[in-house]
Amino acid sequence: MRFGKMAGFLAAAASILALGAGAVMADETPISVCIISTTGVDDGSFNQDCYNGITAFIDEHPDCSVKDIKETDYNELIPTVEKFAGDYDVFVLPGFNFAGIGDVAQNNPDKKYIVVDSTITDSEGNPMSLDNVYTMTFKEQEGGFLAGVAAALTTLTNKVAVVNGMPFPSNVNYELGFMSGVQYANDNYHTSAECVEIPSYAGTDLFGNDVGGNYTGDFTDEAQGKVVGEALIEEGCDVIFVAAGASGNGVFTAAKEADGVYVIGCDVDQYDDGANGSDNIILTSALKVMHSNVTKQLENIYNGEFAGEDALLGADTDSTGIVTEEGRQQLDDGAIEILDECYEGLKSGEIVPASQEDFQGLK
């Protein structure tokens, strides 16, 4: 599994600083961590992976603590961070809806903020970079690309699809990467897969572009996820990449109730979620490695080595990938060999999938 290469993120907490003839240990300060999310830290995907990064840190530092807060109202997310600003040392904020955290962070310079999946702005939408804020965004198009290649190599109907939650940049990246991967496989590996899009579920991104795709309109609506999944299966899709949070569970259900339909998981290894009696519907899972990057930043805070940054993470830092571990996927050996080649191409920069950054809208 590609994230198995991550190493060193639980580095020794003590570092020696030479001071004249002697030395002292770097600061190690117990910290209280708060994670706020819309769908909870047990969603089996995005939020849970971020939470796992926190618990891995606390396992190594039992003098630290974590509190998870679930706030289902998107409009209350920023006010919730502001409400609890005085109660915790560090806030881990997973999701694009925390982009507007800039004013709160600026007004609380003694607190640290780890924002996952977005850079930050002030309340008026102006971009900001602050010394007490570390943002991590990812090249989701890379994981989407690998999912697209896997889908094209596996489909028997030559019809595949991607289902997303909402057309935030991260999800548009997944969509465009998936489409790029399908096309790449068609061009290079003699496949003939078609990406199916149902117009009534097309997305419009934050810039007003029609991005097509299949969007549930929410990350929490399992019933709508099932409706979209059933519609795609009815169109003949037998491999569906799902990047829809808890809404994706509805797509999983639709696949389990059908015959011969695979699902590609997203963000984390979702193989266990694919169990369907003695069978499993998960073909593989595209990875966005949040946990180790969250852990690393908490270590930096604990050690007094934290620095604000807007980090863009991808295959070159083992932060994107796809599951190829035996027993956790159902790819054939030929597909795994091709995916390994593609992964190295992504890592070296030889392969560059389409992304939100260079998308100009559908023609």
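The predicted model contains zero disulfides, a disulfide being a pair of cysteine sulfur atoms within 2.5 Å. The sulfur of C237 lies 8.9 Å from the closest cysteine sulfur, that of C195, which is too far for a bond. For C342 the closest cysteine sulfur is also in C195, at 15 Å, again too far for a bond. C237 is buried at 2% relative accessibility and C342 is buried at 1%, where buried means under 20% relative accessible area with a 1.4 Å probe and protein chains only.

Residues are numbered from 1 along each chain as its sequence is written. Because the model is predicted, local features need pLDDT of at least 70 and side-chain atom pairs count only at pLDDT 80 or more, whereas totals for chains, interfaces and linings use all residues; side-chain values use heavy atoms, without hydrogens and water.

The largest nonpolar core comprises 32 residues, and L146, F178, F241 and I264 have the most contacts inside it. Such a core is a set of buried Ala, Val, Leu, Ile, Met, Phe, Trp, Tyr and Cys residues joined through side-chain atoms within 4.5 Å. Among the elements that each supply at least two residues of this core are helix 4, helix 5 and strand 15 (239-243); helices (H or I, at least four residues) and strands (E, at least two) are DSSP runs numbered from the N terminus. Beyond its neighbours within four places in sequence, F241 is in contact with residues including G144, Y174, F178, I264 and A286, contact meaning heavy atoms within 4.5 Å. A second, separate core of 25 residues includes V41, I58, M136 and M290.

Note on methods
Buried means under 20% relative accessible area, exposed over 50%, partly exposed in between (1.4 Å probe, protein chains only).
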